[in-house]
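Student: Could you take me through this structure feature by feature, giving the general idea each time before the case at hand?

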Amino acid sequence: MTSHAVKRLVRLFLALLLLQGLLACAPASRPDAYVVTGHAATDQETPPQCRHRHRPDRTLVTLQPPPGGWPGVPQAVVVMNVFQGEVEIRHDTRERCGTLQDARTLDSRFMSGMGMVLVPAKGDLSPIQVEFDPSPLPLWRPLVRLGQPATVQRQDTFRFSMRVASVAVMLALVMSSMLTFLSTRERAFLSYAVSSALFALWMALLSGLWAYPRPWLPLGEASLRLVVALPTALIGMTVRMLVHQSAPAALAQPLRHAAKWLMWLLFALAATALFSPEAWIPAMSMLDEASFYALCLLLTLLASFIVWRGERGGITTVACVVPFVLLGVWELCAPQALAIWKVEAMMLCGCWLAITSSMSLTLRMGSLRRQRDEMRALAQTDALTGLHNRRAAMETLAEAVNQAQRQGHALTVGFLDIDHFKSINDRFGHETGDQVLQHFARALRTVFRDQDYVARMGGEEFLVLLPGVEPRHAAQRIQSLAPLLSGIAAALDRSDLHVTVSAGVAARRAGETDASALLQRADAAMYAAKHGGRDRVEVAP
């Protein structure tokens, strides 16, 4: 960023601060200091009428009063995790009905489920009855909560906040991965964005958030099928991703091939779940969850084996799947306790998996990018001297010429050739010749500035670019190499070794944009120095 651009940003920042101060000092009585929206209510919101479908297969929960009857204080009742059908809460003549697939039918005081507040008379012995359709997902049990209204509402708000935060985290990861894909064009980030978006949709369906403030997806009864089908597809995508990042080197190819075929198989099963008979849904739901826990356990064992062998990738996989393994153990040991917070626990574990996978993917892409940069640096570096090679030098020369043209700065090029280098190789051997080249490269780094550019063009030829330097000053710097070159013989313990250099110097002409023409003039000046007796510097006219 140029200094002019920095000054403009500073001025803009100061102007924004001044504007903010003026707004803060504005009187609060100004008409535009606040905004009023909406209009006065003209009618009272009425709860939805119950359909009274008291089928024999519906679940009826009876909440009995404490000994001596109800104490005469308000009682809050909330029903959660009912994935289809109407929920009905009633006591004597009071009743309320609603569906978790449409938030407009729910009491606004309760956001995680269908709820209402009742005040049974003191000493009343009639129970509160809750009725709903049986759960089509056997491992996801409906939850009925009874208690003091303020306590129930606080827990309900906390539960709802956890659900909203989980979906928000997933959507943020989707946007972040999409932006990363657009900037890097790495398909791994696009695949991650798709899987995260599907996971966010599944979370919204599982938690009922897709019904707030009203159903924002026209799914109807298909929402239940998606609750079963989406995890099937997500299991395949997750397993393939984890196998790719943690497969042991000896088994990487067959395991990745197997993970790919497993993913396509699960995609087919997910498509089948969308169109299968409703009677299959409970079995498919149980198969989904049990197989996912089993695969997480298998991946944990595989990753632990990788860590034990000292290979990379195992720690990340363990971190991704261990929460789900613990969730599976909890399901086996205390299913009733897990049922109270299972939706939230699954959503939090999903967010953890997505975050750790995103970090792993970013680190992996960073590692690949570093490897790519290292390979590019190797492709542009002379292995013997550590200087840039001819390819990199030509690219840099073209950029330097264009920059000098834009900014109107001077640019001088020096072309250097070690005198009688073939004789050095013939007399002392190629190993000594290589050592001479290495010492000569060190001498160039010593003489020229950090902003100067030094490269080996091939053989015993070297190129230096000196921005902002006049030709005569460039010639003086090249001549200052002589004391360093004379010390090469002592460094190599070759008293009869004599190293000198012939150099040509050329400056960019006004308006010149042809880098090859500038290089040819420096090369011609170098040959003039050769013909003039060597061990000298010639400046091109």
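Student: Is L179 buried or exposed?

Tutor: The classes rest on relative accessible area: buried means under 20%, exposed over 50%, and partly exposed lies in between, using a 1.4 Å probe and protein chains only. At 59% relative accessibility, L179 counts as exposed, and its place is in helix α2; helices here are DSSP runs of H or I with at least four residues, strands are E runs of at least two, and both are numbered from the N terminus. L179 and L190 stand 11 residues apart in sequence, with 9.4 Å between their C-alpha atoms. Keep in mind that this is a predicted model, in which local features need pLDDT of at least 70 and side-chain atom pairs count only at pLDDT 80 or more, whereas totals for chains, interfaces and linings use all residues. Residues are numbered from 1 along each chain as its sequence is written, and side-chain values use heavy atoms, with hydrogens and water left out.

Student: Where is R154 found, and how far is its C-alpha atom from that of Q520?

Tutor: R154 is found in helix α2 and is exposed, with a relative accessible area of 57%. The C-alpha atoms of R154 and Q520 are separated by 81 Å, the two residues being 366 apart along the chain.

Student: How should I read the overall form of the protein?

Tutor: One compares the radius of gyration, taken over C-alpha atoms, with a globule rule of 2.2 Å times the number of residues to the power 0.38. The secondary structure of this protein comes to 15 helices and 12 strands. Its radius of gyration is 38 Å, well over the 24 Å that the rule gives for 541 residues, so the protein is more spread out than a compact globule. Along the principal axes, its C-alpha trace spans about 120 × 70 × 40 Å, and buried residues make up 43% of the 541 residues.

Student: Which residues touch the most other members of the largest nonpolar core?

Tutor: In soluble globular proteins, nonpolar side chains tend to be buried together. A nonpolar core is a set of buried Ala, Val, Leu, Ile, Met, Phe, Trp, Tyr and Cys residues joined through side-chain atoms within 4.5 Å. In the largest one, which has 58 residues, L137, W140, M170 and W202 touch the most other members. Several helices each supply at least two residues of this core, including α2 (149-184), α3 (187-207) and α8 (335-379), while the largest share, 12 residues, comes from α4. Taking contact as heavy atoms within 4.5 Å, and not counting residues up to four places away in sequence, W202 touches W140, L226, V227, L230, P231, L234 and M346. Apart from this core lies another, of 33 residues, among them F421, I424, A441 and V447.

Student: Which residues have a positive phi although they are not glycines?

Tutor: Two cases can be read here, each in a loop. N81 has a positive phi of about 65° and lies between β2 (75-80) and β3 (87-91); at 8% relative accessibility, N81 counts as buried. H420 has a positive phi of about 50° and lies in the loop between β8 (411-418) and α10 (421-428); at 48% relative accessibility, H420 counts as partly exposed.

Student: What kind of peptide bond joins Y212 and P213?

Tutor: The angle to read is omega, which is about -10° for this cis peptide bond. P213 lies in the loop between α3 and α4.
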